[in-house]
Amino acid sequence: MSLAANQEAWGFESFMERNLEKDLLRFTTAGSVDDGKSTLIGRLLHDSKSVFEDQLAAVKKSRINRSTGAVDFSLLTDGLRAEREQGITIDVAYRYFETPRRKFIIADTPGHEQYTRNMATGASTANLAVILIDSTKGVLAQTRRHTYIASLLGIPNVLVAINKMDLVDYSEEVFLKLQKDFDALAKQLAVPHVVTIPISALVGDNVVERGAHMPWYHGPTFLEHLETVPIRMETPSDAVRFPVQYVIRPDASFRGFAGPVASGVIRPGDPVVSLPSERKSRVKSIVTFDGNAPEAFPPMSVTLTLEDEIDLSRGDMLVSPAHPPRVSRHFDAMVVWFNAESAEPGKSYLLKHTSRTVRAKALQIHYRINVNTLVQEPVSTLQMNDIAYVEFETVSPLFFDPYTQNRITGSFIMIDPISNATLGAGMIRADLADQTIADHVSITQEPAFVAPRDRYKRHGHYPGLLLVEDDSALATRLERALFDDHFEVLRVSGDAVPSSLLEGQYTAFESAGLVVIYSCAALASEAKRKLGALAAGRFFDLSALQLPADEHEAMQKILLLLRPLRFIADTKDQS
């Protein structure tokens, strides 16, 4: 009995060990709306025996069936009520399954242009992108957009699935034409590895089983390619990048720094440098849930202790001294804009890079990519789903590598500082710190006079004067809101500076490019007239506004009123 129990335990441990040794392939589906992405994933799960009986029974009983077969396979991934009612994918649906050869994580992403941001999210960690093309429609604008995003994200392998071959009578001619069209697009985007497979997700041809309808096709099936495609393994680099997420200090005897290993291999005794302080130390130990580890590497999340007491907090980074990252406030990046509100140069955003969140603004938009022609187009603003090359400046420096070298330290997201909504995603291409010095500083030429326009361009806005009467609390909240929105703002109290004295001081404030909030008791009409003339068209009397009772809505209305103060770099100074 004991021998049998030992054999059973050994067999289970052997099975678990073999399972853990399997490769993991992360892939995402992409393409235009109604190309059949969810149906393909549902068919793949069903035919590979990866669907539980109760799940399949629930789908069969569903009152919704938009397919012509007995089972609507798209319902296996489209789980939201709105998705099932409309027959579309809205959110990213992650599914796990495995075969005897490999484990898989699928990100089923939406095809609608409105949900491009969800596609970019699902594709950000993928090793392979599945681009679906409807054989009756061909390569569409959204197909091009998703392929371009996949190339931007550095996905090395692309599998093109020409779907709905049953609707074109399994025509080899149609398949070869669409294959040629996509190959031309892939060549323009420099996509390195492309494989094209004709399939019918509804019928099941060439998904898991080969089928008898396309004897002219001799390549692998969809699943066979997933099982055999080489996975580009990230080579462990000497360039250690360890963004600190949290400082763990349960008592005076322990101080650890928790976070993910973004790149490199960390071992006890290794030298490290903390950024931004540039303090040096060595790794004392690597602490995990299972005890101390001999080494840490991506994508492990661990806690490091150091031999020296160094002041580190969230947003700092430990790096290898021999291979430091770029430290800069000025860089170029490719950006995918997600939000319905347009992006404007000079406007302030939050930029989240690894565990570090800083204030940032776009200095200029170099160009936008036309996804239909791949031509670079000059634009002054970005609209939702635009892809553009943008120059950024942050308030405090970032510690980054180009995205092509490190997908974690080379990427960031942009956040609205008021609503906290994700506005866009960026991939850093170039550090402009050296260029900034070369372009703007020269010890051989005569120093140039700092013009008001130069000062406004630096601040990102024109100066202005806001009058707040009998409401010091509103003035305080407004100062904080404008400060958080990257305005150079100064609150002046009427108790300390009467309006007669402000008239003499405002010229200096205006020359410095400041937005001044004057908080005072009610002023006479003549005093208001003088302040209005002083500010030369940039005077805002908030008492004349009908502000909403809700504080957030009131601030939004005031910020909207101040939008004309935003300075656009390519406009001419009108002051």
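Me: How many helices and strands does the protein have?
Reply: The protein has 14 helices and 25 strands. Helices (H or I, at least four residues) and strands (E, at least two) are DSSP runs, numbered from the N terminus. This is a predicted model: local features need pLDDT of at least 70, side-chain atom pairs count only at pLDDT 80 or more, and totals for chains, interfaces and linings use all residues. Residues are numbered from 1 along each chain as its sequence is written, and side-chain values use heavy atoms, with hydrogens and water left out.

Me: What share of the residues is buried?
Reply: Of the 575 residues in the protein, 49% are buried. Buried means under 20% relative accessible area, exposed over 50%, partly exposed in between (1.4 Å probe, protein chains only).

Me: And contacts? What percentage join residues at least 24 apart?
Reply: The figure is 71%, among contacts between residues at least 6 apart in sequence. Contact means heavy atoms within 4.5 Å.

Me: Let's look at H2. How many of its residues are buried?
Reply: 10 of the 11 are buried, so H2 is largely enclosed by the rest of the structure. The buried residues are Lys37, Ser38, Thr39, Leu40, Ile41, Gly42, Arg43, Leu44, Leu45 and Asp47.

Me: What covers them?
Reply: The cover includes strands E1 (23–31), E2 (93–98), E3 (102–108) and E4 (128–134), plus helix H8 (222–228).

Me: Asp47 is in that list. Which side chain does Asp47 have a polar contact with?
Reply: The side chain of His46, at 2.8 Å. A polar contact is a pair of N or O atoms within 3.5 Å; within protein, one must be able to donate a hydrogen and the other to accept it, and residues adjacent in sequence count only if both atoms are side-chain atoms. Asp47 sits in H2, residues 37–47. The relative accessibility of Asp47 is 18%. Not counting residues up to four places away in sequence, Asp47 touches Gly204 and Val208.

Me: What follows H2?
Reply: Lys49 does, with a positive phi near 60°.

Me: Switching to H13. Which residues of H13 are buried?
Reply: Ala527, Lys528, Leu531 and Ala535, in a helix that spans residues 525–535. Seen down the axis of H13, these buried residues fall within an arc of 100°, so they line one face of the helix. The arc is that of the directions from the helix axis to the C-beta atoms.

Me: Which exposed residues are on the face turned away?
Reply: Ser525 and Ala533 are the exposed residues on that face of H13.

Me: And what covers the buried side?
Reply: Strands E22 (464–469), E24 (515–520) and E25 (539–541) are included, as is helix H12 (499–511).

Me: At what angle do H12 and H13 pack?
Reply: About 10°, with their axes 10 Å apart. Axes are lines fitted to C-alpha atoms, for helices over the stretch in contact, and angles run from 0 to 180 degrees between N-to-C directions. H12 and H13 are therefore roughly parallel to each other. Angles under 35 degrees count as roughly parallel, over 145 as roughly antiparallel, 65 to 115 as roughly perpendicular and the rest as oblique.

Me: Which residues make the contact?
Reply: From H12, Ser499, Leu502, Glu503, Tyr506 and Glu510 take part; from H13, Ala527, Lys530, Leu531, Leu534 and Ala535. They split into 6 nonpolar, 1 polar and 3 charged. Ala, Val, Leu, Ile, Met, Phe, Trp, Tyr, Cys and Pro count as nonpolar, Asp, Glu, Lys and Arg as charged, and the others, Gly among them, as polar.

Me: Now Asp495. Buried or exposed?
Reply: Asp495 is exposed, with a relative accessible area of 78%. Asp495 lies in the loop between strand E23 (489–493) and H12. Asp495 and Cys520 are 25 residues apart in sequence and 6.9 Å apart in space, C-alpha to C-alpha.

Me: Last one. Is Leu374, with its positive phi, buried or exposed?
Reply: Leu374 is buried, at 18% relative accessible area. Its phi is near 60°. By contrast, Asn420 counts as exposed at 57%, and Asn420 has a positive phi near 70°.
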